[in-house]
Amino acid sequence: MLGRLAEQAVTTLRLSNILGKPSFRYYSQISFVKQVLDSDLNLIAVNDQYEALLKRKDGKELIDTIREFIKCNMSVNQTAHNLFVHRNTLNNRLLRIKKLFELDPKNTEDLFQLFIGYITFYYQQTL
């Protein structure tokens, strides 16, 4: 029992950092995400793209853009404001992301794949 609780606590801390939600302190707050991570989703192509992005000059910028776009619930204005860029700059970044991943961040289903791929990639990096 104690081992499982310790594992849940570590998982909660790791995922709260990845999600940028330091206020998440309870396993129940991240249990859905953990269940998705434990499922058998085919995210190899998305994870490969995140790996490739880390090697690009603008890779971290694009990854940060995806993360912030998700945090801002797909609001271009709020994301641009939070990233301190013009909305046209943000739209150009989103277009580059669309071309690289062949997923449109402005499409909810595609953004979900980008989001789960992001979490999976960074979760695996912290193992």
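The lining of the largest pocket in this predicted model divides into seven nonpolar residues, one polar residue and three charged residues. The residues concerned are Ile18, Leu19, Lys21, Phe24, Gln29, Val33, Arg67, Ile70, Lys71, Phe115 and Tyr118, and the space that lies in the pocket comes to about 150 Å³. Helix 1 (2-19), helix 2 (27-38), helix 4 and helix 7 are the elements that each give two or more residues to this lining, and the largest share, three residues, comes from helix 4.

Tyr118, which belongs to the pocket lining, is also a member of an aromatic cluster that it forms with Tyr50, Phe101, Phe121 and Tyr122. The structure holds five aromatic pairs. In the pair of tyrosine 118 and tyrosine 122, the ring centres are 5.0 Å apart and the planes stand at 55 degrees, so the pair counts as tilted. Both tyrosines lie in helix 7, where they are four residues apart, or about one turn of the helix.

| Residue | Relative accessibility | Class |
|---|---|---|
| Tyrosine 118 | 6% | buried |
| Tyrosine 122 | 22% | partly exposed |
| Lysine 34 | 11% | buried |

Because buried means under 20% relative accessible area, tyrosine 118 at 6% is classed as buried, whereas tyrosine 122 at 22% counts as partly exposed.

When residues up to four places away in sequence are not counted, lysine 34 touches Thr11, Leu15, Tyr27 and Tyr123. Between lysine 34 and leucine 103 there are 69 residues of separation in sequence and 23 Å in space, taken from C-alpha to C-alpha.

Helix 3, which spans residues 44-54, has Val46, Asn47, Tyr50 and Leu53 as its buried residues. These cover an arc of only 115 degrees around the axis, and they are therefore placed on the same side of helix 3. The face turned away from that buried side carries the exposed residues Ile44 and Ala45. The cover over the buried residues of helix 3 includes helix 4 (59-71), helix 6 (87-101) and helix 7 (108-125). Among the buried residues of helix 3 is Tyr50, which also takes part in the aromatic cluster with Phe101, Tyr118, Phe121 and Tyr122.

How values were computed:
Residues numbered from 1 in each chain as written. Predicted model: local features only at pLDDT ≥ 70, side-chain atom pairs only at ≥ 80, totals over all residues. Heavy atoms only, no water. Buried < 20%, exposed > 50% of the residue type's maximum accessible area, 1.4 Å probe, protein only. Arc of directions from axis to C-beta. Contact = heavy atoms within 4.5 Å. 1 Å grid on protein atoms, 1.4 Å probe; cavity = no way out; pocket = protein on both sides within 12 Å on 5 of 7 lines; lining within 4 Å. Points joined across faces, edges and corners; volume = space filled by probe spheres on them. Nonpolar A, V, L, I, M, F, W, Y, C, P; charged D, E, K, R; others polar. Phe/Tyr/Trp six-rings, centres within 6.5 Å; stacked < 30°, edge-to-face > 60°.
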